[in-house]
Amino acid sequence: MTLSRGEFTLSWDPAAQQPERIHAYLTQSYWAEGIPLALVRKSMEHSLCFGVFANGEQIGFARVVTDRATYAWLADVYVLEAYRGRGLASWLLEAVLAHPELQGLRRFALATRDAHKLYERFGFTPLTKPESGMEIRRPGLYKKP
Ligand SMILES: CC(C)(COP(=O)(O)OP(=O)(O)OC[C@H]1O[C@@H](n2cnc3c(N)ncnc32)[C@H](O)[C@@H]1OP(=O)(O)O)[C@@H](O)C(=O)NCCC(=O)NCCS
């Protein structure tokens, strides 16, 4: 459940994840601005969570919402600014895609504003049939009025 690379470790042990630090990032992210800590915790409890750590502090995260059989949704991917450009998000994606519970899925999906290049390297493509997708979307749900 733990890998190391130089000064960094990567873990998908639920007990290793640091919800307060994850919340501190997500609550100011463009996709989950204002999300309460309790919701971050609950979302983590029902997902597979992957973290990157430096000196015992969580500096990167990825969360996979999945039935572990047919479908997965990749969410909440980030690396703290000071640690970007060193391949850590790529390392997280390698670990996600190698996870034994995430093999043979019929669909692995995600949404991104501008990190398409990162995901393309791991086989993600634009939606093949965007006209067949539907959603209920509530942007800004957690923002205070
Ligand atoms: C996107 C993010 C996770 C990348 O983390 P990282 O550890 O710097 O990524 P890596 O070092 O593994 O490499 C990323 C590669 O993807 C590319 N990339 C594509 N879109 C990118 C983006 N929006 N930001 C950073 N890199 C991006 C980089 O150019 C880099 O390619 P290179 O090696 O040829 O330079 C990080 O920039 C981040 O946390 N951004 C803010 C949160 C965010 O947008 N998350 C994605 C939500 S879908």
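Where does Thr 66 lie, and which backbone atom of Arg 68 does its side chain reach?

Modeller: This is a predicted model, in which local features need pLDDT of at least 70 and side-chain atom pairs count only at pLDDT 80 or more, while totals for chains, interfaces and linings use all residues. Residues are numbered from 1 along each chain as its sequence is written, and side-chain values use heavy atoms, with hydrogens and water left out.

Thr 66 lies in strand S4, a strand being a DSSP run of E with at least two residues and a helix a run of H or I with at least four, both numbered from the N terminus. The side chain of Thr 66 reaches the backbone nitrogen of Arg 68 at 2.8 Å, and it also reaches the backbone oxygen of Tyr 71 at 2.6 Å. Both are polar contacts, that is, pairs of N or O atoms within 3.5 Å; within protein, one atom must be able to donate a hydrogen and the other to accept it, and residues adjacent in sequence count only if both atoms are side-chain atoms.

Arg 68, at one end of the 2.8 Å contact, is found in the loop between S4 and S5. Its phi is positive, about 65°, although Arg 68 is not a glycine. Arg 68 counts as partly exposed because its relative accessibility is 39%, where buried means under 20% relative accessible area, exposed over 50%, and partly exposed in between (1.4 Å probe, protein chains only). Another positive phi, near 50°, belongs to Asn 55, also a residue other than glycine. Asn 55 is found in the loop between strand S3 (48-54) and S4, and it is exposed, with a relative accessible area of 72%.

Val 65 is placed in strand S4 (residues 57-66), and because its relative accessible area is 33%, it is partly exposed.

A polar backbone atom of Val 77 is 2.8 Å from a nitrogen atom of the ligand, and a polar side-chain atom of Asp 114 lies 3.1 Å from a ligand nitrogen. The protein covers 74% of the 860 Å² of accessible area that the ligand has on its own, with areas coming from the Shrake-Rupley method with a 1.4 Å probe and, for residues, only the protein chains shown counting as cover. Strand S5 (71-79), helix H3 (88-98) and helix H4 (116-120) are the elements that give two or more residues to the shell around the ligand. That shell holds 21 residues, of which Val 77, Gly 85, Gly 87, Ser 90 and Arg 121 come nearest; a residue is near a molecule if one of its heavy atoms lies within 4 Å of it.

Helix H3 is mostly covered, with eight of its 11 residues buried, among them Ser 90 and Trp 91. Glu 94 forms a salt bridge with Arg 5 at 3.6 Å, N to O; Glu 94 lies in H3 and Arg 5 in strand S1 (residues 2-5), so the pair ties together parts that are 89 residues apart in sequence. Glu 94 is partly exposed, at 39% relative accessibility, and Arg 5 is partly exposed at 40%.

Terms used. A salt bridge is a side-chain nitrogen of Lys or Arg within 4 Å of a carboxyl oxygen of Asp or Glu.
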